[in-house]
Amino acid sequence: MACVVARQDLRRPAVFVLETLAVAVCYYAAGRLGLLRELTVAGAVVSPVWPPTGVAVACLLVFGLRCWVGVALGVVFVLMHLTTLRLSSLGVVAGNTVAPVCGYLLLRRVGFRTDLSRLRDCLALVFLGAFSAMLISSSAGAGLLVATGDLPGESFWGVWLAWWVGDAMGVLLIAPVLLMLLRLRPPLPWTRWKEAAGLVAIAACLVPLATRSPASLLFSVYPLLIWAALRFQLPGSMLCALFASVMATASATDRIGPFENLSEVEVMVNLQAFNGAMALTSLLLSAVITEQQHTRRSVERACQELVEVLEHLTAGESAAGRTPREEGGRARRAD
């Protein structure tokens, strides 16, 4: 028994180290993806969607508070890729680590469930995990840029807003997809696979057209989101929203399609309005549909149980209502 306990104690640090390294690598990889597409706002280069924040929040929700070390290590890796580390870098590391940790604590405080099957869970992720918690990272980052002289004071609010929206979009678009992939259980029925293939084919044609056409066709993506939410709930709607967001971000950074003749601020505003509207539509509509399906199944189960109880009572009353003569006659016929 003592050997087993000692072996488990030795295994725990190894598991912690592996989890920390895995979280750090995932954070760094997501950061490299986010740096592929950048926009210039108020003289500073920002990422319209910062995927590492979604990775950090999802890892905290899955592994617990202990993985904050991996998040901090991932932030250090990203900073080392961007620039040389300075004393002010500690503030950026602290801000980008504390923000998802606070988001995790706020979500746990309200009883957040990672399956996102309730409307309250989606609202909590939007307003607590994304909008509220990411105020910390954006305020710390933009404030340090001004304090160190890397950013003029008059550009603070523009960079702060772009930083905050980018971090929030990372939570709204990336965290639900990661949480969903951990709970996805294939295979789907063959009829659903055919419908899913049709949805993918239409999205592969319509989304690039909507995001690269000079005409204002971005609104045409929303019927796809509604279709995906109605038939495939959160997995379908969030994957469709993520694909549309990636294509729209690519068009915005390349200044083509509906973003061709816009200023820097207009590009950022239009892109983030589109991304935010898609994320909110996908999350909230999927949650409402899932709740309705759960309610319908609960009602069906209750009706089925009621029918079984009534059948049992009817059978008991029929047996109790037989007269002694009828029972005697049945016994003689049996003889």
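This is a predicted model: local features need pLDDT of at least 70, side-chain atom pairs count only at pLDDT 80 or more; totals for chains, interfaces and linings use all residues.
The chain contains eleven helices and two strands. Along the sequence, these elements follow the order α-β-β-α-α-α-α-α-α-α-α-α-α. Of the 335 residues in the chain, 41% are buried. Contacts between residues at least 6 apart in sequence were also examined, and 73% of them join residues at least 24 apart.

The largest nonpolar core comprises 78 residues, among which Phe112 and Leu283 touch the most other members. Helix α7 (residues 156-183) supplies the largest share of this core, with 13 residues. When residues up to four places away in sequence are not counted, Phe112 touches Leu61, Leu107, Asp121, Ala124, Leu125 and Leu179.

For helix α5 (residues 119-132) and helix α6 (residues 134-147), the axes come within 5 Å and cross at roughly 15°. Because angles under 35 degrees count as roughly parallel, α5 and α6 are therefore assigned to that class. On the α5 side, the contact is made by Gly129, Ala130, Phe131 and Ser132, and on the α6 side by Met134, Leu135 and Ile136. The contact of α5 with α6 has five nonpolar residues and two polar residues, with no charged residues.

Helix α7 also contains Leu182. This leucine is exposed, its relative accessible area being 51%. The C-alpha atoms of Leu182 and Thr114 are separated by 9.7 Å, the two residues being 68 apart along the chain. Phe243 has a relative accessibility of 32% and so counts as partly exposed. Leaving aside neighbours within four places in sequence, the contacts of Phe243 are with Ala203, Ala204, Val207 and Pro208.

Most residues other than glycine have a negative phi. Leu116 has a positive phi of about 55° although it is not a glycine. The position of Leu116 is in the loop between α4 (89-109) and α5, and at 3% relative accessibility this residue counts as buried. Arg255 likewise has a positive phi, near 55°, and is a residue other than glycine. Arg255 is placed in the loop between α9 and α10 (264-320). With a relative accessibility of 31%, Arg255 counts as partly exposed.

The structure holds zero disulfides. Cys102 has a relative accessibility of 24% and therefore counts as partly exposed. For Cys205 the corresponding value is 58%, so this residue counts as exposed.

Terms used:
Residues are numbered from 1 along each chain as its sequence is written. Side-chain values use heavy atoms; hydrogens and water are left out. Axes are lines fitted to C-alpha atoms, for helices over the stretch in contact, and angles run from 0 to 180 degrees between N-to-C directions. Helices (H or I, at least four residues) and strands (E, at least two) are DSSP runs, numbered from the N terminus. Angles under 35 degrees count as roughly parallel, over 145 as roughly antiparallel, 65 to 115 as roughly perpendicular and the rest as oblique. Contact means heavy atoms within 4.5 Å. Ala, Val, Leu, Ile, Met, Phe, Trp, Tyr, Cys and Pro count as nonpolar, Asp, Glu, Lys and Arg as charged, and the others, Gly among them, as polar. A disulfide is a pair of cysteine sulfur atoms within 2.5 Å. Buried means under 20% relative accessible area, exposed over 50%, partly exposed in between (1.4 Å probe, protein chains only). A nonpolar core is a set of buried Ala, Val, Leu, Ile, Met, Phe, Trp, Tyr and Cys residues joined through side-chain atoms within 4.5 Å.
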